[in-house]
Amino acid sequence: FFFFMSAIRPSVVIVLVLLSIGNVYCSHKSLPLPPLFAKNVGSIAKEPSGLTYCASTNHLYMNCDKSSCTYIYEMDTSANEIQKLKFDSSHHDIEAIACNDKEGYLYIAEEGHRKVQAFLLEDYDGKSLKEAYHFSVVTGNSTSSRSGLEGMTCNTNTGDIYIANEKGPAMIVRCHLNGEEYDSNEIHYSRDISGLAYDDALDLLWVLSDQNEQVFLTDLTGTIVYDYWDLPVANPEGIAINNVADPPMLYISTDPSAPSGPQYVPLVLGFEKPKNGTGYVYWDGKHLPSYVTDPPPCDGCHDAFEEAYNNGFEGARYWENHFPEVSSPEVSSSQAGSITRTILLSVLVPISACVLFVLFK
């Protein structure tokens, strides 16, 4: 322990100095939330998209956006498959999923058709999910089949359904339980919306952005941002909140597909749900949150990020070294040096760019 502290102390001093400079020149820091686990779910679904959590079953539910995926994948909270819930093949291009424990429904959303289908959650006979009702969603002037319904969640207190249009414009539509729309708001703080999750403990929304690779905590209209955080993954498309767990959890699913370039990894990651006030809105470089100074061990992060690196995502090597493995009983001096280097790089690179920008603008 003393060897580790003596080795890292000078670097920590440098980090704090750089962060102080960064407070003057930059407002954004690339220090993301640390996962508690990362699991490759490619054997379950090759292209995960939406994700939701049902408190009544204490299970996660995930959908896949490949045309051949006609299942909802039920998993435990460690992303281990429990069963596949089949639905009719007439539903396709599924990009979002939501659970309403109060009424006993599972919903899926078809991106291009902008259609929401409700299934009975507890009445599965092992052959096919029983359809309850469906409705269509109007997303302003947006009619693109490639930028349609991308996120969905249910307010379990009111039964309201929140549905996100991905972009052009990014928008959150609120519907009553029967699908009748009563509110819609365009979103301007992120380039797109890839997922939504209602937080029944906070009575707030979590808004996920694929292109920003960030998660935002907002009011129920989705327009007022209370805080936001970076994520250490590419293509985050699904989000779920579990307030039954202790501590409460935030889950993210990633879609490996890409229109060009390298393919990512199909993952489900679990994070301790971040607290409002620990993100970038309240960022204080002199008093870093504990998830930065002491990231928790992560089960499976090394393998997940190594695979992403091997697929062509060079930045994944950074995260592979940044997060300690849960299997390691203690941090070795070499690991300490690696962690220190990644923290230094995460701060030095953006700050140096900002300083140069200010000096030569």
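Colleague: I've got the structure open. What is a disulfide, in general terms?

Modeller: A disulfide is a covalent bond between the sulfur atoms of two cysteines.

Colleague: And how many disulfides does a search of the whole structure find?

Modeller: The search turns up three. Bear in mind that this is a predicted model. Go to Cys54 and Cys99 to begin with: a disulfide joins them, with 2.0 Å from S to S.

Colleague: Which parts of the chain does the pair Cys54 and Cys99 tie together?

Modeller: Cys54 sits in strand β2 (residues 48-54) and Cys99 in strand β6 (residues 94-100), so the link ties together parts that are 45 residues apart in sequence.

Colleague: Is the link of Cys54 and Cys99 right-handed or left-handed?

Modeller: Look at the angle about the S-S bond: for Cys54 and Cys99 it is 130°, and the link is right-handed.

Colleague: Are the two ends buried or exposed? I'm asking about Cys54 and Cys99.

Modeller: The cut-off to keep in mind is that buried means under 20% relative accessible area. Cys54 comes out at 0%, so Cys54 counts as buried. Cys99 has 5% relative accessibility, so Cys99 counts as buried too.

Colleague: OK, on to Cys64. Which cysteine does a disulfide join to Cys64?

Modeller: That's Cys69, with an S to S distance of 2.2 Å. The link of Cys64 and Cys69 is right-handed, with 50° about the S-S bond.

Colleague: Why is the disulfide of Cys298 and Cys301 called right-handed?

Modeller: Because the torsion about the S-S bond is about 70° for Cys298 and Cys301. Cys298 is buried, with a relative accessible area of 0%, and Cys301 is buried as well, with 1%.

Colleague: Is Cys154 buried or exposed? And Cys175, buried or exposed?

Modeller: With 3% relative accessibility, Cys154 counts as buried. Cys175 is at 0% relative accessibility and also counts as buried.

Conventions. Residues are numbered from 1 along each chain as its sequence is written. This is a predicted model: local features need pLDDT of at least 70, side-chain atom pairs count only at pLDDT 80 or more; totals for chains, interfaces and linings use all residues. Side-chain values use heavy atoms; hydrogens and water are left out. A disulfide is a pair of cysteine sulfur atoms within 2.5 Å. Helices (H or I, at least four residues) and strands (E, at least two) are DSSP runs, numbered from the N terminus. Buried means under 20% relative accessible area, exposed over 50%, partly exposed in between (1.4 Å probe, protein chains only).
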